[in-house]
Amino acid sequence: MKLILIRHGQSQWNLENRFTGWTDVDLSDKGRLEAAEAGRKLLDAGIIPQYYFTSYLKRAIHTLQIAAEAMDREWVPVYKDWHLNERHYGALQGLNKADTALKYGDEQVHIWRRSYDVMPPALAVDDKRHPRFDPRYAELTADELPATESLKLTIERVRSCWEERIVPALRHYGDVMVAAHGNSLRGLVMMLRHLTPDEVLSLEIPTGTPLVFELDGQLSPVKYYYL
């Protein structure tokens, strides 16, 4: 079995150095090229996904679509799961990272971005950026809708997708691809490699580069590598 992880290509807000989170920002031109190149790399490596997962956010969805087109595998079934969304950055979403560092200090911004269990300032419940105003999350309960998240909370929700959706798909289909986000993919890597919180904080997953895990029958990694 192979599990292929792809962090979405560069987004427009990556390019603008802004906190993105659950804001539905599309790919930049570079991001689209990265997604197509990811598909070509998989094709050249002879890795043929039989099932896809992605988040509810268009930068991940479009990365998957572009990569699938490059592989001529657009017909492969796709499951979209909000549990694979990026970490919710709360009231920081939309802010320029450099400007935020000037306002709050480099140390505070570093704590918000790189701590395992510290949450950024939360969105107010009446803030139009709150996910309760977004129709794609209409069926979620108030407890499920985040106004901000730590990396720990993000990984906890990713774990439910792993256990309930991805594991059964791997056992049924064999080779499965997940197109998602830096922090949600960190969660999957943390589970597969049994990383500690400190180890996962230092993990950086590049945009648009397939990360392949070859798994044994117990879904333990035999080896893993970037294409």
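The model is a predicted one, and the values below were computed from it.

## The chain as a whole

The chain contains eight helices and six strands, and from the N terminus on these elements follow the order β-α-α-β-α-β-α-α-α-β-α-α-β-β. Along its principal axes, the C-alpha trace spans about 50 × 35 × 35 Å. A compact globule of 227 residues would have a radius of gyration near 17 Å, and because the chain has 17 Å, the value agrees with that expectation.

Of the 227 residues in the chain, 52% are buried. The chain exposes about 10600 Å², and carbon and sulfur atoms supply 48% of this area.

The six strands form an open sheet in the order S3-S2-S4-S1-S5-S6, and their pairing is mixed. Which strands stand at the edges of the sheet? They are S3, residues 78-80, and S6, residues 221-226; each has a single partner strand, so one side of each is left without a neighbour in the sheet. From one strand to the next, the twist averages 15°.

| Strands | Sense of pairing | Bridges |
|---|---|---|
| S2 and S4 | parallel | four bridges |
| S1 and S5 | antiparallel | four bridges |
| S5 and S6 | antiparallel | five bridges |

Individual residues can be followed across these pairings. Phe-53 stands opposite Val-178 in S4, while Ile-4 has Val-212 in S5 as its bridge partner, and Glu-214 has Lys-223 in S6 as its bridge partner. Strand S5, which covers residues 211-215, is mostly covered, with four of its five residues buried. In the hairpin that S5 makes with S6, five residues lie between the strands, and Leu-219 takes a positive phi near 65°.

Helix H2 runs over residues 29-45, which is 17 residues. At 1.5 Å a residue, H2 should span 24 Å, and because its end C-alpha atoms are 25 Å apart, the model agrees with this expectation. The buried residues of H2 are Gly-31, Glu-34, Ala-35, Ala-36, Ala-38, Gly-39 and Leu-42, and what covers them includes S1, H3 and S4. Just after H2 comes Gly-46, which takes a positive phi of about 70°.

Helix H3, residues 58-71, lies across strands S1, S2, S3 and S4, and runs at about 155° to S2. The same check of length can be made here: the 14 residues of H3 should span 20 Å at 1.5 Å a residue, and the end C-alpha atoms are 19 Å apart, which agrees. Where do the buried residues of H3 pack? They pack against S1, H2, S2, S3 and S4. Among the buried residues of H3 are Arg-59, Ile-61, Leu-64, Ile-66 and Met-71. Just after H3, Asp-72 takes a positive phi of about 55°.

## Two residues in their surroundings

His-130 is found in the loop between helix H5, residues 106-114, and helix H6, residues 151-173. Is His-130 buried or exposed? A residue counts as buried when its relative accessible area is under 20%, and His-130, at 7% relative accessibility, therefore counts as buried. Once its neighbours within four places in sequence are left aside, His-130 is in contact with Leu-123, Ala-124, Val-125, Leu-145, Pro-146 and Ala-147. His-130 and Pro-120 are ten residues apart in sequence, and their C-alpha atoms are 14 Å apart in space.

Leu-153, by contrast, lies in helix H6. Its relative accessible area is 36%, and Leu-153 is therefore partly exposed, since that term covers values between under 20%, for buried, and over 50%, for exposed. Leu-153 and Tyr-226 are 73 residues apart along the chain, and their C-alpha atoms are separated by 27 Å.

Terms used: Residues are numbered from 1 along each chain as its sequence is written. This is a predicted model: local features need pLDDT of at least 70, side-chain atom pairs count only at pLDDT 80 or more; totals for chains, interfaces and linings use all residues. Side-chain values use heavy atoms; hydrogens and water are left out. Two strands pair if DSSP finds at least two bridges between them. Helices (H or I, at least four residues) and strands (E, at least two) are DSSP runs, numbered from the N terminus. Axes are lines fitted to C-alpha atoms, for helices over the stretch in contact, and angles run from 0 to 180 degrees between N-to-C directions. Contact means heavy atoms within 4.5 Å. The expected span of a helix is 1.5 Å times one less than its number of residues. Buried means under 20% relative accessible area, exposed over 50%, partly exposed in between (1.4 Å probe, protein chains only). The radius of gyration is taken over C-alpha atoms; the globule rule is 2.2 Å times the number of residues to the power 0.38. Accessible areas come from the Shrake-Rupley method with a 1.4 Å probe; for residues, only the protein chains shown count as cover.
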